Amino acid sequence: MPRPLIATIHLDAMQQNLARARACARGAKVWAVVKANAYGHGLEQAMRGFADADGLALVEVDYAERLRELGWTKPILLLEGFFDASDLPVMAQYGLNGSVHCEEQIAMLAAARLPRAIDVHLKMNTGMNRLGFTPQAIAAAYARLRAMPHVGTITLMTHFANADAAAPTRLPLAQQMLRFEAGVASIGTALPRSLCNSAGLLLHHLDSDWVRPGIMLYGGTPSGAPGGTSAQAFGLLPTMTLRSSIIGIQEIAAGEVVGYGSRYEAAGNIKVGVVACGYADGYPRHAPDGTPVLVDGVRTGLIGRVSMDMLMVDLTRVPGARVGSSVTLWGQGMPIDEVAMAAGTIGYELMCALAPRVPVIVATQ
């Protein structure tokens, strides 16, 4: 019999979350972001769940090739563009769009001899200071690209650093937009624009030609910050449920300890449930005591340090629990944002960390 840990991908939830993103997009086209193997959900599932998207966006060139081989015919955008000149013929062959964010990429494009034009997203650095040209340099970058016969359409894009914060003390969205508009004005011609990530879509109302939702498509909130709006309140559904079972039970007395490092000490007589899931499966090793878990539909909490293959939960509130009882680590009934917050991380990390050894099944409803 296989180990009871299993991840279920909910295609209907992916479809609904995409519809929610489109409703927020104010008429803009939607790039469904599927980087990191579709946030751990798998490219095949992403193609099915986001079939109605206008395009798919990711960072991995080989995964973009795979999408074409799987039958995706709509646009594909490489969010970080190309990493080497050898990527350019591949982009032309597979009809991939690419971000252009530095002089080195422009030089590679200038030297390339391609059989067909490549559409590009010219990235402007409006203060996040990761990738992109400054507003002062964007016009010159645009002019060089526009002069190249093998460059097709050019879309301007930027990325927001703090769109998920209500009142950021540094670099508010409005400041980034002022910088963006200054760069646009310096170019002197109207160009399509790609602006909003999930936070921009859910929390702001910006006019754009393309939007790039990521985490909201997978049923998570943009930040998961304490006191923030829940995914459910945004009308989003969980797209991944990680379930396992109780594989052992220990009854311990007050003063006894649980797990490696003896981190947890029982204050009274308790029943401990051992769950088949550990950090080798993608569950965060640093999750503290009290991290929420569902056992037979009842909310309880983690106790003791997470092991490679197992974790322990307090069964005091689930007196009927037994070996074989169902456990939900996150997903339907247990919001992934709550688990992530308790563990001091974000839902993105939990999804992306799902280990290859965890079996995945697909549910359409």
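How do the residues of the lining of the largest cavity divide into nonpolar, polar and charged? In this predicted model, the division is three nonpolar, seven polar and two charged. The largest cavity holds about 70 Å³ of space, and its lining consists of Lys123, Met124, Asn125, Thr126, Gly127, Met128, Asn129, Arg130, Leu131, Thr158, His159 and Gln176.

The count of cavities of 30 Å³ or more comes to two. For the second largest cavity, the volume is about 40 Å³. Cys24, Ala25 and Arg26 contribute to the lining of this second cavity, together with Cys196, Gly200, Leu201, His204, His205, Leu206 and Val211. By class, six residues of the lining of the second largest cavity are nonpolar, three are polar and one is charged.

Open space was also examined. At least two residues of the pocket lining come from helix H2 (35-39), and at least two from helix H9 (198-203). The lining of the largest pocket is made up of 15 nonpolar, four polar and six charged residues.

How values were computed
Residues numbered from 1 in each chain as written. Predicted model: local features only at pLDDT ≥ 70, side-chain atom pairs only at ≥ 80, totals over all residues. Heavy atoms only, no water. 1 Å grid on protein atoms, 1.4 Å probe; cavity = no way out; pocket = protein on both sides within 12 Å on 5 of 7 lines; lining within 4 Å. Points joined across faces, edges and corners; volume = space filled by probe spheres on them. Nonpolar A, V, L, I, M, F, W, Y, C, P; charged D, E, K, R; others polar. Helix = DSSP H or I, 4+ residues; strand = E, 2+ residues; numbered from the N terminus.
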